[in-house]
Amino acid sequence: MEKRYTIILAAGKGTRMKSKLYKVLHPVAGKPMVEHIIERVIETKPSEIVTVVGHGAEKVKEQLGDRTEYVVQEEQLGTGHAVMQAAEFLKGKKGTTLVISGDTPLLTSQTIDHLFDYHQGKKASATILTAHADDPTSYGRIIRDHVGIVEKIVEQKDATPEEIRIQEINTGTYCFDNEALFDALEKIGTNNAQGEYYLTDIIEILKADGKTVAAYQTEDFEESIGVNDRLALAEANRIMRRRINQMHMVNGVSFIDPATTYIDAGVEIGSDTIIEAGVQIQGKTVIGSDVVIGAHSKIVDSIVEDNVEIKQSVIEEAIVRKNADVGPYAHLRPQAEIGEKAHIGNFVEIKKAKIGENTKVGHLTYVGDAVLGEDINVGCGVVFVNYDGKNKHQTVIGDHVFIGSSTNLVAPLMIEKNSVVAAGSTITEDVKEGDLAIGRARQVNKSGYASHLPF
Ligand code: UD1
Ligand code: MG
């Protein structure tokens, strides 16, 4: 088979984004746009990928790592100039080169494969991926002659009023005969409204040389959205989210209101799980089967095993084991691990703590830097006092312990199994197995004294 190469254009600053973050690093469904591009490109199995970097080069390289080679475009003189930079890797090689922009995150690898097939079928020197846009504003327009043969691409800023009305747009993705591409690039100039080296000019140059130029129109304009500003970014996010939600629904996940459910690309969800309205699931989260994620919960980089119920809670970098339940209004912070069948109730915050099987932390409690065994009952309003102002200290609690309400457990502390801590205690010393610990001032009742008070 013919060799396939890919050039990803990612050197632009993205002026129209008005952002400190370089354009191709803006996230769509939780992933930088250029990450979506490289993942799709890799699916088409090219033998070489060259990414053109410039603005934010280090950050883009950090994102893409060793999945691609890099060339630096020192000055951003246009898309044609950007492609020229890849000459050091690709010039003179036989094969087909896909050129793709870092700002078209919705393109699928199927469409790219279709483009390759069409290009090969037409034996063309260049094939443009085009689409029909209801509103073609800001895209390059495809100019065809009276029998429909592609003549050139005209940028919005260079178009005549007649050309501006054309609705077939350039998606910024092309297949080129690699040798013809680099030969033609030597001939492009900057005689246009933006004074840039336009890659799009190559079409006319190839035609003038008697080469075949083709255009493959995808049916789905949405796939080809180029993100140049925040409006298009929001639109791209909306489309990507809808695509992700549909994929999960096809896989057996129920959504109460998909339009208000925000799931990042790469999240995994098992079948028969129900996701209520307003839920956000982000990062590398994995959700099991038969889980219920209650309305307005937010789950980031976490694992939620089968049969768990989460009610309106925030969960970050945490693990919730099978059959446990969490919330409403619980906050699981990094390194919280909730054991099987454990119950975490309302207004409970858990950080860097392991909660054993069947243990209940029901109400208004902070657990930090702790290891709790099985079948423990933590009462209402318990504070694990883990921080002395300088260092964090750990509390360890054995199985079957009962911690009474409104207790302070001042770490470091070891509370052995089968013991009981009385309500209202401030515990500063370890508690031995089977003991009852009471750490509070004795109550004094002053007979008849109430009427002597000033209020
Ligand atoms: C480009 C096309 C336009 C097409 C649209 C599709 C040109 C001249 N125009 O316009 O026909 O309809 O894409 O989305 O090609 N880049 C560089 N170096 C540069 C300039 C750009 O690497 O010097 C990169 C950008 O980072 C971006 C991509 O090339 O990823 C496209 O550049 P952009 O400025 O977004 O071009 P558009 O105006 O969208
Ligand atoms: Mg663009």
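Me: What should I know about the model and its numbering before we start?
Reply: It's a predicted model, where local features need pLDDT of at least 70, side-chain atom pairs count only at pLDDT 80 or more, and totals for chains, interfaces and linings use all residues. Residues are numbered from 1 along each chain as its sequence is written, chains are lettered from A and ligands numbered from 1 in the order written, and side-chain values use heavy atoms, with hydrogens and water left out.

Me: How many helices and strands does the protein have?
Reply: There are 9 helices and 37 strands.

Me: Why is Thr-218 called buried?
Reply: Buried means under 20% relative accessible area, exposed means over 50%, and partly exposed is in between (1.4 Å probe, protein chains only). Thr-218 has 7% relative accessibility, so it counts as buried. This residue lies in strand 11 (residues 213-218). Leaving out residues up to four places away in sequence, Thr-218 touches Thr-111, Leu-129, Thr-130 and Ala-131, where contact means heavy atoms within 4.5 Å.

Me: And why is Lys-211 called partly exposed?
Reply: Because its relative accessibility is 35%, Lys-211 gets the partly exposed label. Lys-211 sits in the loop between helix 8 (202-208) and strand 11. Its contacts, residues up to four places away aside, are Ser-125, Ala-180 and Leu-206.

Me: How do you know that helix 7 is largely enclosed by the rest of the structure?
Reply: Count the residues: 6 of the 8 in helix 7 (residues 178-185) are buried, so the helix is largely enclosed. The buried ones are Asn-178, Ala-180, Leu-181, Phe-182, Ala-184 and Leu-185. Their cover includes strand 1 (4-10), helix 3 (79-84) and helix 8.

Me: What does the side chain of Thr-79 reach?
Reply: The side chain of Thr-79 reaches the backbone nitrogen of Leu-199 at 3.1 Å. A polar contact is a pair of N or O atoms within 3.5 Å; within protein, one must be able to donate a hydrogen and the other to accept it, and residues adjacent in sequence count only if both atoms are side-chain atoms. Thr-79 itself lies in helix 3 and is partly exposed at 37%.

Me: What is the phi of Asp-301?
Reply: Asp-301 has a positive phi of about 45 degrees although it's not a glycine. Most residues other than glycine have a negative phi. Asp-301 lies in the loop between strand 19 (298-300) and strand 20 (303-304), and is partly exposed at 35%.

How values were computed
Helices (H or I, at least four residues) and strands (E, at least two) are DSSP runs, numbered from the N terminus.
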